[in-house]
Amino acid sequence: MITREQLENNQVWLYMLTLVIAVGFGLIWTDFSSSLVKGISVVLGILMYGMFSQIPFFRLKEALSNRRFIYALLTVNYVAIPILVWLLTRFLPDSPPLLLGVFLVLLTPCIDYVIVFTYLGRGNEKLMLVSTPLLFVTQMLLLPLYLWLFMGEEAATLVHVEPFVEAFLSLIVLPLVIALVVQLLAKRGRLGQQLLDGSAWLPVPFMALTLLVIVASQIGKLSASLDMIIYVVPVYVAFMLITPVLSRFFARVFRLDIGAGRALIFSGGTRNSLVVLPFALALPADTSLIVTSVIVTQTLVEIIGELVYIRFVPNVILKDTD
């Protein structure tokens with residue numbers, strides 16, 4: 001019988017297989033696949049709960065104890081990368097929906113499968129794990145600020161407050177509260193711990209299911225946004241090429257050890273596409289199509305890039321002899 005550890009260690013290949021199936025399914029059975037969009041919110045909600053239940057929110061003090069890594073993590077994700085993203089988007093068309101999608105996905109660091117990628121890339125995945133609560137809280141606080149700085153009134157015209165808040169409450173806050181309650185119960189009794197252990201099985205299969213539902217339901221619509229998507233792919237590739245070098249520089253500046261330095265590299269290069277997706281789906285229909293397409297495209301590029309990262313980072317970018 002497959003163990004949870006085996007499932008997590010092989011999740012990259014599961015996602016690749018899922019994407020191939022989703023693309024074929026979406027292009028062949030277009031009528032049925034388009035109806036899958038109705039189930040996105042349910043699948044996303046369960047995925048969010050599964051992810052949040054595994055984030056050690058009550059170990060935030062432990063994460064803050066490694067101050068050099070935290071300073072490096074915050075500097076890379078909220079100073080260096082926003083500057084890089086702003087520079088890269090200067091090469092994109094002046095299309096508010098396209099820019100909104102790029103900003104949403106590239107300004108938010110990953111808080112879930114980055115832990116596994118860090119492990120596969122021989123980085124300090126435990127350090128990455130205990131840092132996820134800080135990353136989650138800071139990105140939710142800083143994302144509106146960066147959207148205002150980079151887009152100004154354009155962001156306000158695209159983002160309608162009511163559906164945006166509704167998506168945030170139903171797909172972020174509600175799963176988060178349930179996850180926190182389960183974590184509290186796990187501290188107090190065996191039943192709560194069993195529930196938390198069972199929840200640990202959810203992220204990988206529901207990540208795959210989410211990719212299946214989203215890609216299958218949206219792939220047929222991508223042709224309508226293809227003229228926009230061709231612009232963002234080079235930006236995403238450039239982002240994944242530049243961020244490891246940028247993160248390695250700050251790993252040296254903050255004098256991080258090899259494992260922490262690799263964790264910093266993976267954090268810098270891995271983005272939070274599925275967590276920001278609910279915000280894209282809450283946008284008006286025409287805008288949502290472009291923004292969702294831009295975010296899904298980043299996911300496709302990133303998964304391929306991570307397969308390169310897990311070999312390139314420990315063997316080239318930050319070797320054991322460095």
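Me: How do the residues lining the largest pocket divide into nonpolar, polar and charged?
Reply: This is a predicted model. In it, the lining of the largest pocket has 19 nonpolar, 7 polar and 9 charged residues.

Me: How many residues line the largest pocket, and which lie nearest its centre?
Reply: The lining counts 35 residues. Nearest the centre are R4, E8, Q54, I115 and L129.

Me: What volume does the largest pocket have?
Reply: About 870 Å³.

Me: Switching to cavities. How many of 30 Å³ or more does the structure hold?
Reply: It holds 1. The largest cavity has a volume of about 60 Å³.

Me: Which residues line the largest cavity?
Reply: L211, I214, V215, S273, L274, L277, I295, V296 and T299 do. Helix 13, helix 16 (273-281) and helix 17 each give two or more residues to this lining.

Me: How does the lining of the largest cavity divide by class?
Reply: There are 7 nonpolar and 2 polar residues, and no charged ones.

Me: Helix 17 came up there. How does helix 7 pack on helix 17?
Reply: Helix 7 covers residues 96-106 and helix 17 covers residues 285-317. They pack at an angle of about 40°, with axes 8 Å apart. That angle makes helix 7 oblique to helix 17.

Me: Is that crossing left-handed or right-handed?
Reply: The crossing of helix 7 and helix 17 is right-handed.

Me: Which residues make the contact between helix 7 and helix 17?
Reply: On helix 7, they are P97, L98, L100, G101, V102, L104, V105 and L106. On helix 17, they are T287, I290, V291, V294, I295 and Q298. By class, this contact has 11 nonpolar, 3 polar and no charged residues.

Me: Now helix 14. At what angle do helix 14 and helix 17 cross?
Reply: Helix 14 (residues 226-253) and helix 17 cross at roughly 30°, and their axes come within 10 Å. That makes helix 14 roughly parallel to helix 17. Their crossing is right-handed.

Me: Which residues of helix 14 and helix 17 make that contact?
Reply: Helix 14 brings I229, V232, V233, Y236, V237, M240, T243, P244 and R248. Helix 17 brings S293, V294, T297, Q298, V301, E302, G305, E306, Y309 and I317. The contact of helix 14 with helix 17 has 11 nonpolar, 5 polar and 3 charged residues.

Me: What about helix 7 and helix 14, at what angle do their axes cross?
Reply: At roughly 25°, with the axes coming within 11 Å.

Me: Which residues meet between helix 7 and helix 14?
Reply: L98, V102, V105 and L106 of helix 7 meet M228, V232, V235, Y236 and F239 of helix 14. By class, that contact has 9 nonpolar, no polar and no charged residues.

Key: Residues numbered from 1 in each chain as written. Predicted model: local features only at pLDDT ≥ 70, side-chain atom pairs only at ≥ 80, totals over all residues. Heavy atoms only, no water. Axes fitted to C-alpha atoms, helices over the stretch in contact; angles between N-to-C directions. Helix = DSSP H or I, 4+ residues; strand = E, 2+ residues; numbered from the N terminus. Parallel < 35°, antiparallel > 145°, perpendicular 65-115°, else oblique. Left-handed = near helix turned anticlockwise from the far one by under 90°. Contact = heavy atoms within 4.5 Å. Nonpolar A, V, L, I, M, F, W, Y, C, P; charged D, E, K, R; others polar. 1 Å grid on protein atoms, 1.4 Å probe; cavity = no way out; pocket = protein on both sides within 12 Å on 5 of 7 lines; lining within 4 Å. Points joined across faces, edges and corners; volume = space filled by probe spheres on them.
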